[in-house]
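Trainee: I am new to this structure. Please pick a single part, look at it closely, and then show me how the rest is laid out around it.

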Amino acid sequence: MSNNISFFLIISLYLPTYAQENFKFPIYPGCEILKTNEELSQCFSDKLWEDLRKTKKFEKLESQVNSDLTLYFTIMKDWKISMFSYASGSDPTISKEYLERIETILNDYATKGLYIRPAINDRKYENYRYILKVKPSLK
C-alpha cells in the first residue's frame with residue numbers, strides 16, 4: 001500500500017443481493033485461483049493498484065491528488081473494457097491521467113493475451129461497472 005495515498009477498494013455500482021451464489025465477480029489477471037467474490041474483489045483492487053504504482057512517474061501523479069476522485073470503467077460481457085469516465089466533482093486533469101493509465105495497463109494485458117474475465121450472473125457474462133475512489137494523501 002502506498003504511503004502517499006489512501007484508497008478505497010474498487011466497488012461495484014451493482015452487486016446483486018438476491019442471488020449472490022449465482023453471481024461471480026470479474027477476475028483480474030493473476031486472481032484466477034481465487035473462489036469467493038470477496039477474495040476476487042480484493043485481489044482485483046490489489047493487482048490494479050500494484051500495476052498503477054509501476055507506471056511512469058506514479059508518485060508525482062498521486063501527489064497531485066488534492067480532492068477525492070471517483071473514476072468509472074465497465075468490463076463488458078464481450079471481455080472488452082470501455083466507458084471510462086469520472087464523477088463531475090473529480091479533478092478532470094488528474095482523473096483523465098488515472099483513467100489513461102488504467103486503460104494502458106489493460107491494453108498491455110490484452111496484447112499478452114490476458115484479459116479481465118467479465119462478471120457472471122446466472123451462468124451468463126454481464127457488463128459490470130466499477131467505481132474506483134482515490135483519496136488525497138494524508139500529508
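This is a predicted model: local features need pLDDT of at least 70, side-chain atom pairs count only at pLDDT 80 or more; totals for chains, interfaces and linings use all residues.

Mentor: Start with one term: a residue is buried under 20% relative accessible area, exposed over 50%, and partly exposed in between (1.4 Å probe, protein chains only). Residues are numbered from 1 along each chain as its sequence is written, and side-chain values use heavy atoms, with hydrogens and water left out.

My pick is Phe58. Its relative accessible area is 4%, so Phe58 is buried. Find Phe58 in helix H2. Helices (H or I, at least four residues) and strands (E, at least two) are DSSP runs, numbered from the N terminus.

Now look at what touches Phe58. A contact means heavy atoms within 4.5 Å. Set aside the neighbours within four places in sequence, and Phe58 is in contact with Trp49, Leu52, Arg53, Tyr98 and Arg101. Take Tyr98: it is 40 residues from Phe58 in sequence, yet the two C-alpha atoms are 9.4 Å apart.

Trp49 is buried, and so is Phe58. Aromatic rings of Phe, Tyr and Trp (its six-membered ring) pair if their centres lie within 6.5 Å; planes under 30 degrees apart are stacked, over 60 edge-to-face, and the rest tilted. The ring centres of Trp49 and Phe58 are 6.5 Å apart and their planes stand at 70 degrees, so this pair is edge-to-face. Across the whole structure, a search finds 14 aromatic pairs. Ring pairs also tie Phe23, Phe25, Tyr28, Phe44, Phe73, Phe84, Tyr109, Tyr128 and Tyr130 into a cluster.

Next, the core. In soluble globular proteins, nonpolar side chains tend to be buried together. A nonpolar core here is a set of buried Ala, Val, Leu, Ile, Met, Phe, Trp, Tyr and Cys residues joined through side-chain atoms within 4.5 Å. The largest one has 31 residues, and Tyr28, Phe44 and Tyr98 touch the most other members. Helices H1 (37-53), H2 (58-63) and H3 (92-111) each give two or more residues to this core, as do strands E4 (69-75) and E8 (128-135). H3 gives the most, with seven.

Follow E4 from there. Seven of its seven residues are buried, so E4 is largely enclosed by the rest of the structure. In a regular strand the side chains alternate between the two faces of the sheet. Leu69, Leu71, Phe73 and Ile75 point one way from E4, while Thr70, Tyr72 and Thr74 point the other way. Strands pair if DSSP finds at least two bridges between them. E4 runs antiparallel to E8, joined by seven bridges; Thr70 stands opposite Lys133 there. E4 also pairs with strand E5 (residues 81-86), antiparallel, over four bridges. Tyr72 has Ser85 as its bridge partner in E5. E4 and E5 make a hairpin with five residues between them, and Trp79 in the turn has a positive phi of about 75 degrees.

Go back to the loop between H1 and H2, where Lys57 lies. Most residues other than glycine have a negative phi, and most peptide bonds are trans. Lys57 has a positive phi, near 55 degrees. With a relative accessible area of 56%, Lys57 is exposed.

Elsewhere, an open sheet of three strands has the order E3-E6-E7, with antiparallel pairing. Its edge strands are E3 (23-24) and E7 (124-126). Three bridges join E6 (residues 119-121) to E7, and Ala119 stands opposite Glu126.

Last, the whole chain. It has three helices and eight strands, in the order β-β-β-α-α-β-β-α-β-β-β from the N terminus. Of its 139 residues, 42% are buried. Among contacts with a separation of 6 or more, 71% join residues 24 or more positions apart.
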